[in-house]
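Q: I'd like to learn how to read the features of a folded chain, one at a time. Can we go through this one together?

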Amino acid sequence: MDKGITGVCFGDVELADNTISKEFLRNENIGLPQMSELEVLRHYKEMSDKNFCVETGMYPLGSCTMKYNPKVNELMASLEGFANLHPLASDEDSQGALELMYKLQEALKVLTGMDAITLQPAAGAHGEFSGMLVIKKYFEVKGENRTKVIVPDSAHGTNPASASMAGFEIIEVKSDDRGQVDINDLKLLLENQGSDIAAIMMTNPNTVGIFEEQVLEISKLMHENGSLLYYDGANLNAIMGYSNPAIMGFDVCHINLHKTFSTPHGGGGPGAGPIGVVEKLKDYLPKPTIEFDGEKYYRNYDLPNSIGKVRSFYGNFGVLVRAYTYILMMGKDLKHATEDAVLNANYLMNKLKDVYDMAYNEKCMHEFVICGEKQKEQGSSTLHIAKRLMDYKIHPPTVYFPLIVHEAIMVEPTESESKERLDNFVEVMLKIAEEIKQNPEMVNSAPHNAPIKKVDETLAARKPDLNYAKK
């Protein structure tokens, strides 16, 4: 880089000697690169091109629903009245924002069947934790010391973590040979430890993409035991408009706005994980709640049995704007999103089942799980298949989860993808299966075209290198 080149010129005006206190002034050169504005832009554009996003290619992640976020959502969230509204503004000066949040709550009540909603939690797992605190508070007020929560062996890892953080002991319930909660095992747990069990945490459809056919029986068993049911809303996009947690008998649920309602997701945020509760639990929701008295919208702090605040200010407001925009834009077509998500998943599963073994011989909902044992015996593991997909500009699906499936590959196409993209995914998966037969080393040494080749997966997650140096 040439010396003396400046990207931005601040003019020739000299700052007075006393403008900045001497204790804050450097004594030596800062060492910034001397580059033109154009070269700086090219540098950051080059780095951005190394990223993979949903605009780059298909993202069949599985369990984490990475789908297209319509640009109109971004436009609405950037409106001056929303983007520049200070979180400490009074209710009188925040009527538009409060109205949006109130109406989003009402929409989510319809979609979940719940009687009350809070928008405070900042993400899905945070919603789980908040929901478990509500359950804990409910039993405390009742004077019951229930210390245990049942979690299926196929559950998202955040379920036992959230319950444990709320102070509960975790009991695992097994899955049967169809990938669903084993009713007999559940009955045995209730028989032996019933008075200690506060709740069961379930996802429906569950984490292997199968609808829990005995969910009403499970609900009956839990309620007869005096226990509650918690619904993990990670897979709500598979039932939206056709069923809801309340119909299934759940008492608490969280909603991943970044999954079902198409708001940003990934990289740790932003996110939003509202929770809904039935009537008997609404007094325990975090405060403030957003309410309407017929004339104005306001934040209600007068909740003596509330679990308290769970988020600074009131959640990730920009994400709430995006979700409400999506709901309004889709309207009654929200049901079509569910239809297409389920159709796309079953289409892919049936196209691949003759070459790849399916974990369960059942119709799936919005996602399905491949068992890659056959390919592993032929010379390539699930991880190698995932890495090879990168060479074809397809983001790897979730792998090695759920833990009850060996060499698991979880595929979720979402409703966003066209038939042409789905067919391309099938073509690539079949090609990789053939490569494993003919030349497994081609797959095992992948990716060949990615900016970064083989990495230590554990080290990359725990100690990411965030510095960029051009080689």
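A: Helices (H or I, at least four residues) and strands (E, at least two) are DSSP runs, numbered from the N terminus. Tyrosine 231 gives you a case, as it stands opposite cysteine 253 in β6. One caution before we go on: this is a predicted model, where local features need pLDDT of at least 70 and side-chain atom pairs count only at pLDDT 80 or more, while totals for chains, interfaces and linings use all residues. Residues are numbered from 1 along each chain as its sequence is written, and side-chain values use heavy atoms, with hydrogens and water left out.

Q: In which sense do β5 and β6 pair, and over how many bridges?
A: Parallel, over 2 bridges; β5 covers residues 228-231 and β6 covers residues 252-254.

Q: In what order do the 7 strands of the open sheet come?
A: Read it as β1-β7-β6-β5-β4-β2-β3, with mixed pairing. β1 (116-118) and β3 (169-173) are the edge strands with a single partner each, so one side of each has no neighbour in the sheet. From one strand to the next, the twist averages 20°.

Q: Which helix lies across β2, β3 and β4?
A: First, the conventions: contact means heavy atoms within 4.5 Å. Axes are lines fitted to C-alpha atoms, for helices over the stretch in contact, and angles run from 0 to 180 degrees between N-to-C directions. Here, helix α7 (residues 183-193) lies across β2 (148-152), β3 and β4 (197-202), at about 145° to β3.

Q: What is the order of the open sheet with 4 strands?
A: That order is β10-β11-β13-β12, and the pairing is antiparallel. β10 and β12 (398-399) sit at the edges with a single partner strand each, so one side of each is left without a neighbour in the sheet. β10 and β11 share 2 bridges, with methionine 358 opposite isoleucine 370 in β11. β11 and β13 are joined by 4 bridges; isoleucine 370 has isoleucine 409 as its bridge partner in β13, and cysteine 371 stands opposite alanine 408.

Q: Which residues of β11 are on each side, and are they buried or exposed?
A: Buried means under 20% relative accessible area, exposed over 50%, and partly exposed in between (1.4 Å probe, protein chains only). Phe368 and Ile370 on one side, and Val369 and Cys371 on the other, are all buried, which leaves both faces of β11 covered.

Q: Which residues of α12 are buried?
A: Here's the general idea: an α-helix has 3.6 residues a turn, so residues three or four places apart point the same way. Among the buried residues of α12 are Leu334, Ala337, Thr338, Ala341, Leu348 and Leu352. Their cover includes α4 (95-112), α11 (317-330) and α15 (419-438).

Q: How do the axes of α4 and α11 cross?
A: Two packed helices are described by the angle between their axes and the distance between the axes. The axes of α4 and α11 come within 10 Å and cross at roughly 55°. Residues making the contact include Leu100 and Leu104 of α4 and Phe317 and Tyr324 of α11.

Q: Which residue has a positive phi of about 60°?
A: Most residues other than glycine have a negative phi, and most peptide bonds are trans. Tyrosine 400 has that positive phi; its place is the loop between β12 and β13, and at 33% relative accessibility tyrosine 400 is partly exposed. Phenylalanine 313 also has a positive phi, near 55°, and lies in the loop between β9 (297-300) and α11.

Q: Which residues does a cis peptide bond join?
A: One case is lysine 287 and proline 288, with omega about 5°. The bond from alanine 446 to proline 447 is cis too, with omega near 5°.

Key:
Pairing = 2+ DSSP bridges.
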